[in-house]
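Here is a short briefing on one protein chain.

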Amino acid sequence: MAEHTTLDASVRTQFGKGFARRLRAAHQIPAVLYGHGTEPVHLALPGHETLLLVRHANPIVELSFDGTTQLALVKDVQRDPVRQVIEHVDLVVLRKGEKVTVDVPVAVEGEPFAGTIANLDAMTLTVEVDATRIPEHLVVNVEGLEDGAHITAADVQLPAGAELVTEPETLVVAVSTPQLDTTSDAEGDAEGEAPAAGEAAEDKAAE
């Protein structure tokens with residue numbers, strides 16, 4: 001299941017790029033919590049703990065701030081495109097018992113038939129699942145599958161209570177036999193024959 005941890009956050013009342021830079025310099029990350037018709041709450045999250053949290057897909061977090069706690073789903077993580085530093089985090093309020101629609105990573109396990117490879121076509125599948133039971137990933141087993149085998153979204157086993165949102169016929173994994181590239185060999189052969197043809201022409205001229 002998705003990571004479920006607790007973070008001590010603080011409510012922030014200052015905004016703007018300058019304040020955000022100062023916040024990050026103090027090893028904190030600006031964030032906003034919203035959803036379920038509530039007023040958005042602007043927060044500052046502990047930098048290191050947040051970094052560890054967002055390494056997981058669809059992490060669930062219990063936020064503690066202003067003497068209260070709130071369960072939330074990390075909805076979006078904005079990073080600097082060059083340094084990959086976390087610039088902002090969007091969090092969505094969760095209610096126990098509700099379902100959410102999330103993209104879950106696909107993980108391939110097992111080895112296909114000798115001489116073949118398993119190509120992952122769909123990196124994630126969209127599912128509707130209990131908010132507190134989001135799987136870390138969905139496993140696709142390719143053990144022993146032969147050339148031409150296909151696994152679609154409908155074939156992927158989902159955890160109890162989860163429903164597939166992705167189109168069932170979506171290709172997830174295809175097993176194939178790699179094709180050898182003979183182009184370079186053919187070019188090499190052609191180049192090797194060229195001098196022989198030239199030599200033949202010179203011999204004929206000499207005669």
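Which residue of β10 stands opposite Val102? Val127 in β10 does. The model is predicted: local features need pLDDT of at least 70, side-chain atom pairs count only at pLDDT 80 or more, and totals for chains, interfaces and linings use all residues. Residues are numbered from 1 along each chain as its sequence is written, and side-chain values use heavy atoms, with hydrogens and water left out.

**Overview and confidence**

- The protein has 3 helices and 14 strands. Helices (H or I, at least four residues) and strands (E, at least two) are DSSP runs, numbered from the N terminus.
- The average pLDDT of the protein is 87, and 85% of the residues score at least 70. pLDDT is the predictor's confidence in each residue, from 0 to 100.
- Confidence is lowest in helix α3 (residues 183-206), with a mean of 53. Strand β12 (residues 150-152) has the highest, at 98.
- Of the 207 residues, 33% count as buried. Buried means under 20% relative accessible area, exposed over 50%, and partly exposed in between (1.4 Å probe, protein chains only).
- The accessible surface comes to about 12,500 Å², and 50% of this belongs to carbon and sulfur atoms. These areas come from the Shrake-Rupley method with a 1.4 Å probe; for residues, only the protein chains shown count as cover.
- Among contacts between residues at least 6 apart in sequence, 62% join residues at least 24 apart. Contact means heavy atoms within 4.5 Å.

**Helix α1**

- Phe19, Ala20 and Leu23 are the buried residues of helix α1 (residues 17-25). They lie on the same side of α1 because they cover an arc of only 100 degrees around the axis. The arc is that of the directions from the helix axis to the C-beta atoms.
- An α-helix has 3.6 residues a turn, so residues three or four places apart point the same way.
- Lys17, Arg21, Arg22 and Ala25 are exposed on the other side of α1.
- The buried residues of α1 pack against β3 (28-35) and β4 (38-46).
- His27 follows α1 and has a positive phi, near 65 degrees.

**Strand β3 and its partners**

- β3 is mostly covered, with 6 of its 8 residues buried.
- β3 and β4 run antiparallel and are joined by 7 bridges. Two strands pair if DSSP finds at least two bridges between them.
- Gln28 stands opposite Pro46 in β4.
- The hairpin of β3 and β4 has 2 residues between the strands. In this hairpin, His36 takes a positive phi near 60 degrees.
- β3 and strand β7 (residues 86-93) run parallel, joined by 4 bridges. Tyr34 stands opposite Val92 in β7.

**Four-stranded open sheet**

- The order is β11-β8-β10-β13, and the pairing is mixed. β11 and β13 (163-164) stand at the edges with a single partner strand each, so one side of each is left without a neighbour in the sheet.
- Strand β8 (residues 99-109) pairs with strand β10 (residues 124-130) in the antiparallel sense, over 7 bridges. Val104 has Leu125 in β10 as its bridge partner.
- With strand β11 (residues 138-141), β8 pairs in the parallel sense over 4 bridges. Val106 stands opposite Leu138 in β11.

**Three-stranded open sheet**

- The order here is β9-β14-β12, with antiparallel pairing. β9 (117-120) and β12 are the edge strands, and each pairs on one side only.
- Neighbouring strands of this sheet are turned by 15 degrees against each other on average, direction ignored. Axes are lines fitted to C-alpha atoms, for helices over the stretch in contact, and angles run from 0 to 180 degrees between N-to-C directions.
- β12 and β14 pair in the antiparallel sense over 3 bridges. Ile151 stands opposite Val173 in β14.

**Thr177**

- Thr177 sits in the loop between β14 (171-176) and α3.
- Thr177 counts as partly exposed because its relative accessibility is 36%.
- Leaving aside neighbours within four places in sequence, Thr177 is in contact with Gly115, Thr116 and Asp147.
- Thr177 and Glu146 are 31 residues apart along the chain, and their C-alpha atoms are separated by 8.7 Å.
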